[in-house]
Amino acid sequence: MLYGVECWPVKNSHVQKMRVARMRMLRWMCGCTKRYRIKNEAIRDRVGVTSAEDKMRESRPRWFGHIKRRSIDAPVRRCERLAMESLRRDRGRPKKYWGKVIRQDMALLQLTEDMIIDRRGGGRRLR
């Protein structure tokens with residue numbers, strides 16, 4: 001379900017859909033339905049998993065570190081091209097870009113770019 005999530009410019013609607021889908025799967029695994037009125041936190045504790053949002057936040061800086069460490073002549077992938085901000089202005093709300101999402105994650109996790117590039121130091125801090 002989280003395949004390729006490190007490349008998405010994740011919006012709140014994406015996070016909410018992932019939460020709902022993951023909780024439905026966890027409830028199904030436990031044999032619980034909504035009728036039992038068991039809180040989501042209790043089910044996550046019983047199964048021993050973290051929230052989908054935390055897993056997404058953990059994988060994005062790791063991918064960012066891979067991108068920063070690779071050589072300059074490596075080909076640019078589609079998800080990286082989409083992350084670059086376009087010069088054309090569209091009407092309405094500005095689009096959410098992958099770079100902005102990474103900056104928000106780094107601020108929330110209190111990481112710097114140097115920590116992410118250094119495999120030994122930043123990898124431990126992400127989990």
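This is a predicted model: local features need pLDDT of at least 70, side-chain atom pairs count only at pLDDT 80 or more; totals for chains, interfaces and linings use all residues.
Local features were considered at pLDDT of at least 70 and side-chain atom pairs only at pLDDT 80 or more, whereas totals for chains, interfaces and linings use all residues. Residues are numbered from 1 along each chain as its sequence is written, and side-chain values use heavy atoms, with hydrogens and water left out.

The chain contains 7 helices and 0 strands, where helices (H or I, at least four residues) and strands (E, at least two) are DSSP runs numbered from the N terminus, and its elements follow the pattern α-α-α-α-α-α-α along the sequence. Of its 127 residues, 30% count as buried, a class defined by under 20% relative accessible area, with exposed meaning over 50% and partly exposed lying in between (1.4 Å probe, protein chains only). The chain exposes about 9900 Å², of which carbon and sulfur atoms supply 52%; accessible areas come from the Shrake-Rupley method with a 1.4 Å probe, and for residues only the protein chains shown count as cover. Among contacts (heavy atoms within 4.5 Å) between residues at least 6 apart in sequence, 53% join residues at least 24 apart.

A search of the whole structure returned 0 disulfides, a disulfide being a pair of cysteine sulfur atoms within 2.5 Å. The cysteine sulfur closest to that of Cys30 belongs to Cys32 and lies 5.1 Å away, too far for a bond. Cys30 is partly exposed, at 24% relative accessible area, while Cys32 is buried, at 9%.

Asp105 lies in helix α5 (residues 98-109) and is buried, with a relative accessible area of 5%. Beyond its neighbours within four places in sequence, Asp105 is in contact with Arg57, Arg60 and Pro61.
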